[in-house]
Amino acid sequence: MPAVSRAVHLTVAILAALALTACGSQPDAGAGGTSKPADAAKPAEGAKAAEAPKPAGGPPPALPVKVAPVRVGEFSTDVTAVGSVLAQESVLIRSEIDGRVTALPFVEGQPVRKGQKLVGFDASEWEATLAASVADLRTKQTDWERGKDLLAQNFVSKEAVDRLRGAVEVAQARMQADKARLAKTAIFAPFDGTAGLRVISPGAYVKTGDAIVRIESLGAVKVDFRVPEVFIGRLQRGQVVRVSMDAYADEHFEGRIVALEPAVDEKSRTVLARAEVPNPKGLLRPGLFARVAVQLETRPGALIIPEQAVVPQGRDAFVYRLGDGNTTQMVKIELGGRRPGEVEVLGGLAAGDVVVAEGAMKLGMMPPGAPVTPLPLGGGAPKPAAAGAADKAAAPAPAPAAPTAPEKKG
């Protein structure tokens, strides 16, 4: 049966080909032996495509900077100098006679009043000398009176009477000298002030010229300072000065110029000025080091910005001004006067402008017009966006687009 056998073999071959075709159309089996549909992975691939980061080359991130508005206020041109504090009145009490000290009726470091007794000497010797002078004067006056009577009777010559009158005048002068010496046995305060530390004790024997105690008047103090000659034409009596001292870092004192030295020092080319500063609390002491600022000129309505906002470039000065959309623009400005922490702007800015006060150096490395995140200079919440960017910030962000399945490839 060769024909039947061929038919059977042909049937088996056809069935085998159909089986192989069916196996080729089935999906690949997983690791566990189960197969997954091909379309099941398509949604996951679309989600990954939606979450993928944007390609590089977009706008740079906003740089946080501290900003400050252009302030309008009073600005003064000052000249600064260093000086020393002097007492309004100062005297070192010294002895004018030789003698033994019997009393020192004052308290060291305490106030004294004008006319208050400060020192007493043993006056017994001077009292006796004065008494002898008074007695001698009385005798001379008696002789003169008798001489005048005898002259009237022509018993003595006029020349003799003149000699008697001269003797009276000499006795009077001697008595006045003895009174003056006796007065020097007590020393009194020449003005209201504060007593210093005494250098002697009661019972000490002092000689003429020996120091006893210093008296300082501290109700107001004088501050002497030197100013360069270029400012001499702008200095005058009555100008306001501000004084600060290392001893009182948190205190500032104000006074006025009371005198100017008429001559300029040839070596330093400076002029010596003296200011008077009230001292009601007694904080200022003679000898303190002082920093003095003299107001040469005052300008109301000046434009003022923080000093750290200025970006110098050669001989020019620039600032970064905040614009719409929180972008910055580099603007050239003209500077006026300076004072600690602030500068005056004469041109390039207007009242109400906002400038970058901290972070300008970082902006120099950013492309022009880069966005920033403005923060107030004193700290706190971020500054609201500029008018041009406010509407953009207020508009709701568009919803992200739904992920789409990738197209099937043929």
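Predicted model: local features only at pLDDT ≥ 70, side-chain atom pairs only at ≥ 80, totals over all residues.
**Second pocket.** β9 gives the most, with three residues. I noted the lining residues, among them Thr194, Ala195, Arg214, Glu216 and Leu218. Gly109, Arg285 and Pro286 are also on the list. Sorted by class, the lining has four nonpolar, three polar and three charged residues. The volume of this second largest pocket is about 180 Å³.

**Largest pocket.** I then turned to the largest pocket, with a volume of about 280 Å³. Four strands each supply at least two residues of its lining: β2 (71-94), β10 (240-245), β13 (289-306) and β16 (328-339). I wrote down some of the lining residues, including Asp78, Thr80, Arg242, His252, Arg291 and Arg338. By class, I have five charged, four nonpolar and three polar residues for this lining.

**Aromatic rings.** I searched the whole structure for aromatic pairs and got one.

Are the two partners buried or exposed? Phe253 has 11% relative accessibility, so I put Phe253 down as buried. Tyr248 has 24%, so Tyr248 goes down as partly exposed. The cut-off for buried is under 20%.

**A charge over a ring.** My last entry concerns Trp144. Lys148 lies over the face of Trp144, at 4.2 Å from the ring centre.

Note on methods. Residues numbered from 1 in each chain as written. Heavy atoms only, no water. Phe/Tyr/Trp six-rings, centres within 6.5 Å; stacked < 30°, edge-to-face > 60°. Buried < 20%, exposed > 50% of the residue type's maximum accessible area, 1.4 Å probe, protein only. Lys NZ or Arg CZ within 6 Å of the ring centre and 35° of its normal. 1 Å grid on protein atoms, 1.4 Å probe; cavity = no way out; pocket = protein on both sides within 12 Å on 5 of 7 lines; lining within 4 Å. Points joined across faces, edges and corners; volume = space filled by probe spheres on them. Nonpolar A, V, L, I, M, F, W, Y, C, P; charged D, E, K, R; others polar.
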